[in-house]
Amino acid sequence: MFTLTENRSYLFTGVFSLYLLSALCCAPEISAEESWHPSKYGAADRLGAINNLSPLMVKKAAALIESGTVYSLAMNTGPDTPAFGYRNYQLLTKPIDEPNSEAAGPPNKVAGFDDLLISWLGIGTQIDGRGHVAVDGMHYNGVPVAEVFHPHGSPVYGIHHLPPIVTRGILLDMAGLMDRKMLDAGTVFNEPELKAAMDRQNVTATTGDVVLLHTGWMEMMEQDPENSLRTTPGLGVQGAEYLASLGVVAIGSDTWALEVLPPENPQERFPVHGTLLAKRGVYMLENIRTARLAQDKVYEFFFMLAAPKFVGALQTVVHPVAIR
């Protein structure tokens, strides 16, 4: 069902038409059975759980820094990065000066070079924004798709509206809880497993936290990239609801989808995406490198993430960092 693109190069022509077609035909839209808007943050709110951040929380998170050890939580993004569906990456570089120019160069012989990136933003380590998913024709806080989705970017939920996320991060080692190096495909964890992981690690998720889940699945992405996209261990809907009820700002994992695939209900499409992004206003982080945190038993840390302000983007590649 999910395959890697065989041909990773493409031209500008047709990119936006493909984007429009995919967004209209393939974007996750899950039927809503209950009322989930307006948001508890107010009918006009566009930030969701990020409202739970505060300067005081930043200070408390900074107090967690002891050794000053910095953990990069991002994977490399390139032409061989496993990616859902048709998403791909191409980088072109060129000298700034025209190669055939007869003009003399500067006396200090400095030369310059530029690069052009042709890539989907939902590739590699990424954050999913509010415009990425709709439920029953509505994005977060009941904003209709017609007001959010435009072929040249979202005016309402573009990533450029997202402030930096600086807060306490916690790691829940789900693979360690189940005494596995890597969880089996299709392994699901919900409230009981999440609580058990917190008890085992003596840590509790609270309002304003970023919660990262370690499954070991990134090893599968390295060993068998194509197979790693077909199914994953991950978060179930009830587990997503539980973490959202605690007031967490974002939830991430070392898988490309965060949620378990296939879903618990095989007739549904990306139900955790719909629950978190549209209904509960919680951001999603995918392809997070959690292995070193789990190896070092770093379960509580200073977390920071700043997304590049690509105007209108629905999601984007990011470089989150943990400091202990």
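This is a predicted model: local features need pLDDT of at least 70, side-chain atom pairs count only at pLDDT 80 or more; totals for chains, interfaces and linings use all residues.
Residues are numbered from 1 along each chain as its sequence is written, and side-chain values use heavy atoms, with hydrogens and water left out. Helices (H or I, at least four residues) and strands (E, at least two) are DSSP runs, numbered from the N terminus.

Nine strands make an open sheet with mixed pairing, in the order 1-15-13-7-9-11-12-4-14; two strands count as paired if DSSP finds at least two bridges between them. Strand 1 (70–72) and strand 14 (315–317) are at the edges with a single partner strand each, so one side of each has no neighbour in the sheet. From one strand to the next, the twist averages 25°. Strands of a sheet pair through backbone hydrogen bonds, in either a parallel or an antiparallel sense. For a parallel example, take strand 9 (residues 210–214) and strand 11 (residues 250–253), which pair over four bridges. Within strand 11, isoleucine 251 stands opposite valine 211.

Isoleucine 251 also leads us into the packing. A nonpolar core here is a set of buried Ala, Val, Leu, Ile, Met, Phe, Trp, Tyr and Cys residues joined through side-chain atoms within 4.5 Å; buried means under 20% relative accessible area, exposed over 50%, and partly exposed in between (1.4 Å probe, protein chains only). The largest such core has 28 residues, and Ile251 is one of those with the most contacts inside it, as are Leu172, Leu194, Leu213, Leu235, Leu243 and Leu276. Strand 7, helix 4 (174–177), helix 5 (191–201), strand 9, helix 8 (237–245) and helix 9 (271–280) each give two or more residues to this core. Helix 8 gives the most, with four residues. Apart from this core lies another, of 27 residues, including Leu73, Val249, Ile288 and Tyr299. Leaving out residues up to four places away in sequence, isoleucine 251 touches a set that includes Val211, Leu213, Leu243, Leu276 and Tyr283, where contact means heavy atoms within 4.5 Å.

Axes are lines fitted to C-alpha atoms, for helices over the stretch in contact, with angles from 0 to 180 degrees between N-to-C directions. Helix 9 is mostly covered, with nine of its ten residues buried. Its cover includes strand 4, strand 5, strand 10 (234–235), helix 8, strand 11 and strand 12 (283–286). After helix 9 comes glycine 281, with a positive phi near 70°.

Now for a charged residue on the inside. Arginine 168 belongs to strand 7 and counts as buried, at 14% relative accessibility. Its side chain reaches the backbone oxygen of threonine 204 at 2.5 Å, and arginine 168 also makes a side-chain polar contact with glutamate 300 (2.7 Å). A polar contact is a pair of N or O atoms within 3.5 Å; within protein, one must be able to donate a hydrogen and the other to accept it, and residues adjacent in sequence count only if both atoms are side-chain atoms. Helix 2 (residues 55–62) lies across strand 7 (165–173) and strand 13 (300–305), at about 50° to strand 7.

Finally, the loops. The peptide bond from histidine 37 to proline 38 is cis, with omega near 10°, and proline 38 lies between helix 1 (15–26) and helix 2. As promised, back to aspartate 136: its phi is positive, near 55°, in a residue other than glycine, and it is exposed at 52% relative accessible area.
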